[in-house]
Amino acid sequence: MGIETRVLAFYHTGKRKNLEFVNPVYKVERDDSEELRQKIIDMSYSDWKKMGFSKGTLHYMKQNAKSGKPFSLNAHVRERLEMV
């Protein structure tokens, strides 16, 4: 049974007089930067192939970079991109 369920049950059975739910505060730390996004968008498929990666990987990374949403990269991909 979750905490919210327990609080609601106690309220209904009279064990608690007040009902209070707290919304958790989420903090999203972005793993990407504008500079890294721009590198991904500007990267040509031929240069990417020379680095030893597949065309499909760059395709999906470009989609993520253009979306504006936070995304993560594998460590070995990030290292190679930071060298460029």
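1. Tyr11 is partly exposed, its relative accessible area being 36%; here buried means under 20% relative accessible area, exposed over 50%, and partly exposed in between, with a 1.4 Å probe and protein chains only. Tyr11 belongs to helix 1, residues 3-13. Not counting residues up to four places away in sequence, Tyr11 touches Arg16, Lys17, Asn18 and Leu19, where contact means heavy atoms within 4.5 Å.

2. Basis of the values. The model is predicted, so local features need pLDDT of at least 70 and side-chain atom pairs count only at pLDDT 80 or more, whereas totals for chains, interfaces and linings use all residues. Residues are numbered from 1 along each chain as its sequence is written, and side-chain values use heavy atoms, with hydrogens and water left out.

3. Overall composition. The chain has five helices and zero strands, and from the N terminus on its elements run α-α-α-α-α. Helices (H or I, at least four residues) and strands (E, at least two) are DSSP runs, numbered from the N terminus. Of the 84 residues of the chain, 21% count as buried. The accessible surface comes to about 6800 Å², and 52% of it belongs to carbon and sulfur atoms; these areas come from the Shrake-Rupley method with a 1.4 Å probe, and for residues only the protein chains shown count as cover. Among contacts in the chain with a separation of 6 or more, 55% are between residues 24 or more positions apart.

4. Nonpolar core. The largest nonpolar core has 13 residues, and those with the most contacts inside it are Ile40, Met43, Trp48, Met61, Leu73, Val77 and Leu81. Helix 2 (34-42), helix 4 (55-67) and helix 5 (75-83) each supply at least two residues of this core. Helix 4 gives the most, with three residues. A nonpolar core is a set of buried Ala, Val, Leu, Ile, Met, Phe, Trp, Tyr and Cys residues joined through side-chain atoms within 4.5 Å. In soluble globular proteins, nonpolar side chains tend to be buried together.

5. Met61 lies in helix 4 and is buried, at a relative accessible area of 7%. Leaving out residues up to four places away in sequence, Met61 touches Ile40, Trp48, Leu73, Val77 and Leu81. Met61 and Ile40 are 21 residues apart in sequence, and their C-alpha atoms are 6.9 Å apart in space. Met43, setting aside its neighbours within four places in sequence, is in contact with Trp48, Met51, Leu58, Lys62, Leu81 and Val84.

6. Helix 2. Which residues of helix 2 are buried? They are Leu36, Arg37 and Ile40. These residues cover an arc of only 100 degrees around the axis, which puts them on the same side of helix 2; the arc is that of the directions from the helix axis to the C-beta atoms. The face turned away from this buried side carries the exposed residues Glu34, Glu35 and Asp42. The buried residues of helix 2 pack against helix 4 and helix 5.

7. Helix 5. Val77, Arg78 and Leu81 are the buried residues of helix 5. Seen down the helix axis, they fall within an arc of 100 degrees, so they line one face of helix 5. Ala75 and Met83 are exposed on the other side of this helix. The buried residues of helix 5 pack against helix 2, helix 3 (45-50) and helix 4. An α-helix has 3.6 residues a turn, so residues three or four places apart point the same way.

8. The helix 2 and helix 5 pair. The axes of helix 2 and helix 5 come within 11 Å and cross at roughly 85 degrees. Axes are lines fitted to C-alpha atoms, for helices over the stretch in contact, and angles run from 0 to 180 degrees between N-to-C directions. Helix 2 and helix 5 are therefore roughly perpendicular to each other, a term for angles of 65 to 115 degrees. Leu36, Lys39 and Ile40 of helix 2 make the contact with Arg78, Leu81 and Glu82 of helix 5.

9. Arg80. This residue is found in helix 5, and Arg80 counts as partly exposed at 31% relative accessibility. Leaving aside neighbours within four places in sequence, Arg80 is in contact with Met51, Gly52 and Phe53. The C-alpha atoms of Arg80 and Trp48 are separated by 9.9 Å, the two residues being 32 apart along the chain.

Key: Parallel < 35°, antiparallel > 145°, perpendicular 65-115°, else oblique.
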